[in-house]
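Please look over the sequence and the three-dimensional structure shown here.

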Amino acid sequence: MALAEDEYTNDGTVDIHKNPANKRKTGNWKACRFILGNECCERLAYYGMSTNLVNYLQKQLSMGNAAASKSVTNWSGTCYATPLLGAFLADAYLGRYWTIAIFSIIYALGMAFLSLTASINGLKPSCDSSGCHATASQKAVCFVALYLIALGTGGIKPCVSSFGADQFDETDDTEKEKKSSFFNWFYMSINVGALIASSVLVYIQMNVGWNWGFGIPAVAMVIAVVFFFFGSPLYRLQKPGGSPLTRIIQVIVASCRKFNVKVPDDKSLLYETRDAESNIQGSRKLEHTDKLRFFDKAAVEDLKSLENPWKVCTVTQVEELKAIIRLLPIWASGIVFAAVYSQMSTMFVLQGNTLDQHMGPKFKIPSASLSLFDTVSVLIWAPIYDLVIVPFARKFTGHPRGFTQLQRMGIGLLISVFSMVVAGILEVVRLGSVHKNNYYDREYIPMSIFWQVPQYFLIGCAEVFTFIGQLEFFYDQAPDAMRSLCSALSLTTISLGNYLSTLLVTIVTKVTTRNGKLGWIPDNLNRGHLDYFYWLLTILSIINFLVYLFIAKWYTYKKTVDR
C-alpha cells in the first residue's frame with residue numbers, strides 16, 4: 001500500500017489515458033519542458049504580432065494615433081476577456097489539456113489568416129509614395145483575423161500556467177517546492193518569446209515587410225501546437241469538476257432561501273460530507289472561515305433537503321464562493337496597473353516615433369522594439385528576485401518566500417507609479433525641446449529614443465513583482481476545482497486595464513478637443529500634451545496603491561483541511 005502511494009499522485013490527477021498518474025512516468029519538469037516550450041513559442045507569436053500592431057494600423061490601415069491606440073487596446077482587452085470562456089469550459093467540461101489543444105488550433109488558424117491579409121493582393125492595402133490606402137473591406141478582414149486570434153487566446157491564457165502547476169503534486173512536499181519555481185520559469189519563457197518578438201520580428205516588419213513580419217509568428221504558433229502535443233504522454237491531467245458557476249449560484253440561492261435561519265455558534269454543525277474527500281471532483285475540503293457569514297446559512301443542515309444542493313450546500317462549496325469574493329478586491333486593484341502596462345504597446349510606441357531612432361549612421365531601431373528593454377528587465381529581475389531579494393528579505397520577515405504574495409504585488413504597484421513619472425518627465429523634456437527649437441512639424445526631433453529605456457525598464461521590474469506574484473497568488477488562493485477560472489479572472493485585469501486605457505483616451509480626446517483645440521493626443525504629438533496623460537495615469541496609480549494597502553490588510557488566506 002505504501003508502495004502504491006509512493007508510485008501514484010495523491011492529488012487526483014490522471015494521465016492522458018485517464019489512469020492514475022504515475023509519479024515517475026508523468027509530470028514534474030520532464031512534462032513542464034513541453035509546456036514551457038509551447039508558451040515560449042505562443043508568446044513569440046502573440047508579441048510578434050501585437051507589439052508593433054499600433055504602427056501597422058496607423059501606417060498600413062491609415063488610422064490616426066488615437067484611433068489606432070484605441071483599436072489596439074480594445075483588441076488586447078478582448079484577448080484577456082475571452083479567457084473567462086476558456087476557463088469555464090476547462091473547469092466544467094473539457095479539462096485544461098483539451099481546452100488548450102482545441103483553442104491552440106483556432107489560434108493558429110487566426111495567425112495564418114492574419115499573415116494572408118498582409119501578403120495577398122486584394123487582402124492587403126495598396127501603398128504608394130503618399131502612403132497606404134486600406135479599404136473598408138480590407139480593414140474588416142484584418143479585424144476578423146485579429147479577433148479570431150483573441151478567441152484562440154481564450155483557451156490558452158487561463159489554462160497553461162495552471163496546467164503546468166498541475167504537473168507537481170501538492171500533497172508531495174518535494175514536488176510542492178518546485179511549483180513556486182515553475183511560475184518564475186513560466187514567466188521567463190514568456191519573456192524569452194517576447195524578447196525575440198520585440199527585437200527581430202519588429203525589425204523585420206519595419207524593414208523587410210509585414211508579410212514576413214506576420215508570417216513568422218504564424219509559423220511560431222504552429223510550432224507551439226506541435227510542441228504541446230508532443231508532451232501528451234507525460235502530462236498529468238486534473239479532471240473537470242463540473243460547472244463552478246452552478247455551485248456558486250447554488251450557495252447564493254440556498255443562503256437567500258434561509259435568510260431567517262440562524263447559523264449555529266458551533267461551526268462543526270454545518271453540513272459537510274463525512275468522507276475524507278470533498279464531493280466536488282478534483283477539490284480538497286476547505287476549512288470554514290468567519291468572514292462573509294451570511295453564506296454560512298447555505299450549509300445549515302436540513303435533514304429533509306440534504307440531497308438537494310439548491311437547499312443545502314457543503315462547507316467546502318460555501319468556502320469556494322467566499323474565496324472568489326475575497327479575491328475580487330485584489331483582482332480590481334490590478335486594473336490600473338494593467339492600464340499602465342498597456343502604454344508600452346500604445347503611447348510609448350507613439351512617443352518613440354517622434355524621437356531619433358538612429359543607432360549609428362545607417363541603422364534605425366523601430367520604436368516598438370524598445371519593449372525588448374522591458375523583457376530584458378524581466379529576465380534580469382526574475383533571477384535577482386529569487387536569488388538575492390528573497391534570501392535578503394527572509395532575514396527580516398521570516399517568511400519562506402521573503403515576502404507574502406500580497407506584499408510582492410504591492411511593491412510592483414508602487415514601482416509602476418515611478419514608471420509613469422519617468423515617462424511624464426521625458427515627455428516634458430521632449431516638448432520643451434520642441435517649443436524651444438520650433439520643431440512642431442518635424443517628424444523626428446534630435447533626441448535619442450533610448451531616453452525611453454528607463455520607463456520600459458521600470459515596468460519590467462514592476463512585472464516581476466506584480467504579474468508573477470499575481471500568477472502564483474490566484475493559483476494558490478483559488479479553490480482546487482476553480483483554478484482555471486481564477487487564472488482567467490486574474491487575466492481579466494489586463495483586459496479591463498486595456499479597456500480603461502481606451503476609455504481614458506476617449507474621454508481625454510473628447511474633453512481636450514473642444515472648441516477646435518488639438519487636444520492632448522493629436523496626430524502630431526509635437527503639438528499635443530501627452531505628458532498630461534501620463535500625469536493622469538500617475539495620479540490613478542497612486543490612488544490605486546493606497547486602496548490596495550487597505551485591501552491587502554483585510555484579506556484572509558485560504559486554508560485546506562489536512563487529510
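The paragraphs below describe selected helices, their packing and several loop positions.

The model is predicted, and local features need pLDDT of at least 70, side-chain atom pairs count only at pLDDT 80 or more, and totals for chains, interfaces and linings use all residues. Residues are numbered from 1 along each chain as its sequence is written, and side-chain values use heavy atoms, with hydrogens and water left out. Helices (H or I, at least four residues) and strands (E, at least two) are DSSP runs, numbered from the N terminus.

Helix α2 covers residues 28-50. From its first C-alpha to its last, this helix of 23 residues reaches 32 Å, close to the expected 33 Å; the expected span is 1.5 Å times one less than the number of residues. Of the 23 residues of α2, 20 are buried, so the helix is largely enclosed by the rest of the structure. Here, buried means under 20% relative accessible area, exposed means over 50%, and partly exposed lies in between (1.4 Å probe, protein chains only).

Helix α8, residues 210-230, has 21 residues and spans 31 Å between its first and last C-alpha, close to the 30 Å expected. Its buried residues include Trp210, Phe214, Pro217, Met221 and Phe228. Ala220 is also found in α8, and it counts as buried because its relative accessibility is 9%. The C-alpha atoms of Ala220 and Ser416 are separated by 31 Å, and the two residues are 196 apart along the chain.

Attention now turns to helix packing. Two packed helices are described by the angle between their axes and the distance between the axes. Axes are lines fitted to C-alpha atoms, for helices over the stretch in contact, and angles run from 0 to 180 degrees between N-to-C directions. The axes of α13 (residues 405-437) and α14 (residues 453-477) come within 8 Å and cross at roughly 155°. These two helices are therefore roughly antiparallel to each other; angles under 35 degrees count as roughly parallel, over 145 as roughly antiparallel, 65 to 115 as roughly perpendicular and the rest as oblique. The residues of the contact of α13 with α14 comprise 18 nonpolar, nine polar and three charged. In this division, Ala, Val, Leu, Ile, Met, Phe, Trp, Tyr, Cys and Pro count as nonpolar, Asp, Glu, Lys and Arg as charged, and the others, Gly among them, as polar.

Helices α15 (residues 483-512) and α16 (residues 530-554) pack at an angle of about 130°, with their axes 12 Å apart. That angle makes α15 oblique to α16.

Gln167 lies in the loop between α6 (136-165) and α7 (173-207), and at 0% relative accessibility it counts as buried. The side chain of Gln167 reaches the backbone oxygen of Phe163 at 2.8 Å. Gln357, in the loop between β3 (355-356) and β4 (358-359), counts as buried at 8% relative accessibility. A polar atom of the Gln357 side chain lies 3.4 Å from the backbone oxygen of Gly352.

Which value does phi take in Leu292, a residue other than glycine? Phi of Leu292 is positive, near 55°. Leu292 is found in the loop between α9 (244-257) and α10 (315-342) and is partly exposed, with a relative accessible area of 27%. Asn438, in the loop between α13 and β6 (445-448), has a positive phi of about 55° although it is not a glycine. Asn438 counts as exposed, at 58% relative accessibility.

Key. Polar contact = N/O pair within 3.5 Å; in protein donor to acceptor, adjacent residues only side chain to side chain.
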